[in-house]
Amino acid sequence: MNRRSILKATAATAGILLPLAWSGTAWAQDAVNLRMTIWSANEAHLAMFDEIAAGFKETHPNVNITFEPLPFESYTTTLTTQIAGGNPPDLAWVLETSAADFVNSGALAPLTDAFGATEGYNLDDVTEQATALWTKDGQLYAYPFSTSPFAVFSNNDVIRAAGAKTPAELIEAGEWTWENAFATASAVGQAGQAGLVVRDFNYQLWQNLAAIWKGWGASPWSEDGKTCTFTEPAMVDAMTAIHKAIFTDKAMPGPGEDIDFFAGETAMTITQISRASLLPKEDPFDWSLVPLPAGPAGEYGVVGQAGVGAFASGANVEVAVEFLAYLTNPENSRKLAQFFPPARASLLNTETLAATNPLLSAEQLEDVVIKGISIGEVIPGHTNFAQIQQTVRASLDALWVPDADVEAVLANVCQSVGPLLAR
């Protein structure tokens, strides 16, 4: 009788229930089921995550990992509902806008020591700029797996059909500005197709308009987060330009128009470079990827950032943190880089990014991705962001009509959200 049989027989005779399962030549705990929430149902993303999870399982055969996609528009609400209901996931993606809430609340498990103790992890390679949102008192609470610049994808076929200049042509002429970008979008809009779409905005996620208003040097609140600045001249000018583009120049689709650039009938979209995976594989159109246009305040960049953390209240915190260290180690960070621009300095180069982003040219990687990350400001977030987001959104509803008084609407925004910021 071998050792395994002897132990099982002895346990059975003694009436003992073994909480262990045989794993090759070692004993392992009972099956551990980890659940990680994400907001992408993209098949390529899920396949990559499943591949990484399979690699972890090779050394942790008792660990099963599932990825649970939740709708982006209600992601944070659904996640916080799960937490409040006592059913938190083991790990989760976290939006940059909610970083302060998750990091400051104690909901996330600390990571610095565990990552530092993981062989070959090299935490020093992860840039301080990338980790700033996710760090408190020197402790990292979520890993910034994606720092993705906002940029402009253009459908050059649609633009040329309207007799307008493409972004690439405007860049070559040194004329890639918001004034000219709106002119191109307007020409397409007047021709009967959508000009410029800010992806995921849909007159709900107003913070995505930062990809435009930052060109005017505008911000929704002061640097310390305590004062509303929607009434500052830069924001008034930016919102006036956006309102004019929508209702006067037909450069942007109006409320209620759900238009997807990647379906092939839109001139331009502002989105993150990770969306390149949505470009059509069959019957592709002539497309370009270019930086955001210069605004009155000059050149600028805006990045969206996502962190992934392990919940301190989870049933398997240590294993979840161990998987997170594996998910974000140098080798797997290289895999993630094909969709999500990395936080590791060693991977922020055209050679590495070209290997994982074959659709993008070296010039696009350098001028849009690497430069965009280096100069980009993160989309605005705030403590208690969910309530702030809804308060601002409700106040901005009055702006999305043709005859809106922009200054009056923005004054009302500050009147509504000011008390929340000052808390």
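Me: Why is the crossing of helix 2 and helix 12 called right-handed?

Reply: In this predicted model, the crossing of these two helices is right-handed, because that word is used when the near helix is turned clockwise from the far one. Helix 2 covers residues 43-59 and helix 12 covers residues 317-327; they pack at an angle of about 115 degrees, with their axes 10 Å apart.

Me: What makes the contact between helix 2 and helix 12?

Reply: Helix 2 brings Phe49, Ile52, Ala53, Gly55 and Phe56, while helix 12 brings Val319, Glu322, Phe323, Tyr326 and Leu327. By class, the residues of this contact are eight nonpolar, one polar and one charged. Gly55 belongs to helix 2's side of the contact, and glycine counts as polar here.

Me: How do you know that Cys228 and Cys414 form a disulfide?

Reply: Their sulfur atoms are 2.0 Å apart, and a pair of cysteine sulfur atoms within 2.5 Å counts as a disulfide, so this pair qualifies. A search of the whole structure finds one disulfide. The link of Cys228 and Cys414 is left-handed, with -75 degrees about the S-S bond.

Me: What parts of the chain does this pair link?

Reply: Distant ones: Cys228 sits in the loop between helix 10 (210-213) and helix 11 (233-247), whereas Cys414 is in helix 17 (residues 406-422), 186 residues apart.

Me: Which residues that line the second largest pocket are the closest to its centre?

Reply: This pocket holds about 570 Å³ of space. Of its 29 lining residues, the closest to the centre are Ile171, Trp176, Val290, Pro291 and Asp367. A residue counts as lining if it has an atom within 4 Å of a pocket point, so each of these five passes that test.

Me: Which element gives the most to the lining of the second largest pocket?

Reply: Helix 15 does, with seven residues. Among the other elements that supply at least two residues each are strand 8 (143-155) and helix 8 (167-172). The whole lining has 16 nonpolar, seven polar and six charged residues.

Note on methods. Residues are numbered from 1 along each chain as its sequence is written. This is a predicted model: local features need pLDDT of at least 70, side-chain atom pairs count only at pLDDT 80 or more; totals for chains, interfaces and linings use all residues. Side-chain values use heavy atoms; hydrogens and water are left out. On a 1 Å grid over the protein atoms alone, a cavity is a set of points where a 1.4 Å probe fits but cannot get out, and a pocket is an open set with protein on both sides within 12 Å along at least five of seven lines; lining residues have an atom within 4 Å of a point. Grid points are joined across faces, edges and corners, and a volume is the space filled by probe spheres set on the points. Helices (H or I, at least four residues) and strands (E, at least two) are DSSP runs, numbered from the N terminus. Axes are lines fitted to C-alpha atoms, for helices over the stretch in contact, and angles run from 0 to 180 degrees between N-to-C directions. Contact means heavy atoms within 4.5 Å.
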